[in-house]
Amino acid sequence: MVNQLKNIEIETRPAESRNPFARVFDEIVRFCQSRSMFMLHYCTGCGAIELPPAMTSRFDMERLGIQPMVTPRQADILLITGYVSIKTLKRVILTYEQMGSPKYVIGICSCTVNGGMYWQSYATAKKLDEYLPVDMYIAGCMPRPEAVITGLRELMENIRTGKADAWKQYYKNYDYYLGNQQHLFGNNWQTPTDVIGEAEHYRLMGPNTLGEHTRILQQVQQPLEAMEMKI
Amino acid sequence: MNDTLAIILEAILMPIVAFIVGLFMVLMVRKLAAKLQRRVGPPLLQPLYDIIKLYGKQTQISHGLIHDIGIIMAVGGYVAAEALLPVPGMDGIAAQGGLITLAYLTMVPSLGLALGVGQCANPNGSIGISRALTAMLAYDIPYIIVIFGVAWHFSSTNLVEIIAVQQAGGIETWGIAQMPLLAIAGLITMHAMLGKQPFEIYVAPAEIATGPMVEMGGKYLGGLFVMQCFQLYTVSVIYVSLFLGGGENWITFLLKAFGVLAIVVSIAYLFPRYRTDDLVRLMWKWPVMLGLLGIAFVMN
């Protein structure tokens, strides 16, 4: 069963080798990506309270093409609103790795920027971008819906012009991110997603994809086994 | 030779027309929901943006061959159904296919989805698809009763003939004037087939995390969005053909199809969701009773 899954290959070619017509097509795709964003909100702290007004009738995000989705597979944006405790961070990373690229992370509230009022807490991850590549921070304690929408509009502009490619950094600098994750969770840390394999498959390997931390991962990594079917 | 060519051309053209109309139907559904909730709603081309974006994803997560084939079945079932649905100016193979083939083809997408979701091995997906198939079991009985009643009334299972008879005789020969009970049963059944709010048991975002779509990302979700366009079109056009005299021209045809859908959607966004067993009980009680009563009137 596992071997069958591996045999399915989906070809992606690097953008440089494409002809001019394909580049126009890329422009259209980027425009559509900027105008249609499915949002998965991981509401950990008080910032979550500002999202319902941003989504419902008062500010209505749907007019910008932004709508909430409920699973990581469907989502484009991972919205993290508030402090990230170490236990939460594990879930955030699992969620992030399951999303399909291109994917964007938005950190809302000052807690994701530098720990905010939880700076002295022993159980809180201070800077989110040490563990995940963050596309956009919306600072404030908490930011008003206007600020959230302004931030999202800025992200839309970045996507349209092709500047929002932080998700590639996760593949290219995986060793750095994994090192920080191992620093918090210990050397036995592993996720179900094979990030190195994905980076190889989609030709996103960089000079820093592999390093000392990925060597530790490869030593301790347990192969994933399918769960037993029970009725 | 010319006839064969014309049929092939129509079989290609009809799904394309259905897709474009379906995109606007999705837009209307979302706009209506927005208006009911006092919002602005999405821009004009939003359904298209969503689909292009989903197909433009750079990493596609497949769960195996059956996962891929399931989506193709889900879209393909409806694409095949479009060629059997007469639109103004194009009959396709409606005269050869008939209502019974159409009834079979509208069940294919649910089964395709069940296959595809089955391979994802996600418990939420399995719960969702078992609910979707239960819902199909619930609405298919009144659906078949309604189709049987209409076919008996017009003594034909040929959609082209059914539409021609209704258009020749004017409004008083329309299905809705001749068989009001069956028309009401049909409207409830259609509502359940669309899976809109009171009957939205298998999507249930807050409860089972969008059910069958839980492991669908990128082009798989894009396929489902395309399927939704076809679904809205197919279901409302079947209703228009059976009860509202089809379309004399494109304007009346689109007005009727969008109007029928608007009724369903306006009801949908005012109500919360039923439980699965409630849905089965409701569908097997009211539309079935109304449908059987309607058949009794039709047969006398």
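In this predicted model, helices α3(B) and α5(B) run roughly antiparallel to each other, because their axes cross at roughly 165° and an angle over 145 degrees counts as roughly antiparallel. Helix α3 covers residues 65-82 of chain B and helix α5 covers residues 108-120, and their axes come within 7 Å. The crossing of α3(B) and α5(B) is left-handed.

Who does the touching here? On the α3(B) side, the contact includes B:Ile66, B:Ile69, B:Met73, B:Ala74 and B:Tyr78. On the α5(B) side, you'll find B:Val108, B:Pro109, B:Leu113 and B:Val117 among them. Glycines join in too, including B:Gly70 and B:Gly77 from α3(B), plus B:Gly112 and B:Gly116 from α5(B). Sorted by class, this helix pair brings together 12 nonpolar and 6 polar residues, with no charged ones.

**Zooming out to chain B**

Now for the whole chain. Chain B has 13 helices and 0 strands, so its pattern along the sequence is simply α after α. Its C-alpha atoms fill a box of roughly 55 × 50 × 40 Å along the principal axes. A compact globule with 300 residues would have a radius of gyration near 19 Å, and chain B agrees because its own value is 19 Å. Buried residues make up 52% of the chain. If you take the contacts with a separation of 6 or more, 81% of them link residues 24 or more positions apart.

**Where chain B meets chain A**

The contact between the chains takes 32 residues from chain B and 25 residues from chain A. On the chain B side, the elements giving two or more residues are α2 (46-55) and α11 (218-243). Helix α2(B) gives the largest share, 5 residues.

| α3(B) with α5(B) | 12 residues | 6 residues | no residues |

**One residue up close**

Let's finish with B:Leu27, which lies in helix α1 (residues 2-36) of chain B. Is B:Leu27 buried or partly exposed? B:Leu27 is partly exposed, because 19 other C-beta atoms lie within 10 Å, while a buried residue needs 20 or more. Leaving out residues up to four places away in sequence, B:Leu27 touches B:Pro42, B:Leu44, B:Gln46 and B:Pro47. B:Met179 sits 152 residues away from B:Leu27 along the chain, and their C-alpha atoms are separated by 31 Å.

Definitions and conventions: Residues are numbered from 1 along each chain as its sequence is written. Chains are lettered from A and ligands numbered from 1 in the order in which they are written. This is a predicted model: local features need pLDDT of at least 70, side-chain atom pairs count only at pLDDT 80 or more; totals for chains, interfaces and linings use all residues. Axes are lines fitted to C-alpha atoms, for helices over the stretch in contact, and angles run from 0 to 180 degrees between N-to-C directions. Helices (H or I, at least four residues) and strands (E, at least two) are DSSP runs, numbered from the N terminus. Angles under 35 degrees count as roughly parallel, over 145 as roughly antiparallel, 65 to 115 as roughly perpendicular and the rest as oblique. A crossing is left-handed if the near helix is turned anticlockwise from the far one by less than a right angle, and right-handed if clockwise. Two residues are in contact if their C-beta atoms, placed from the backbone, lie within 7 Å. Ala, Val, Leu, Ile, Met, Phe, Trp, Tyr, Cys and Pro count as nonpolar, Asp, Glu, Lys and Arg as charged, and the others, Gly among them, as polar. The radius of gyration is taken over C-alpha atoms; the globule rule is 2.2 Å times the number of residues to the power 0.38. A residue is buried if 20 or more other C-beta atoms lie within 10 Å of its own, exposed if 12 or fewer, and partly exposed in between; C-beta atoms are placed from the backbone.
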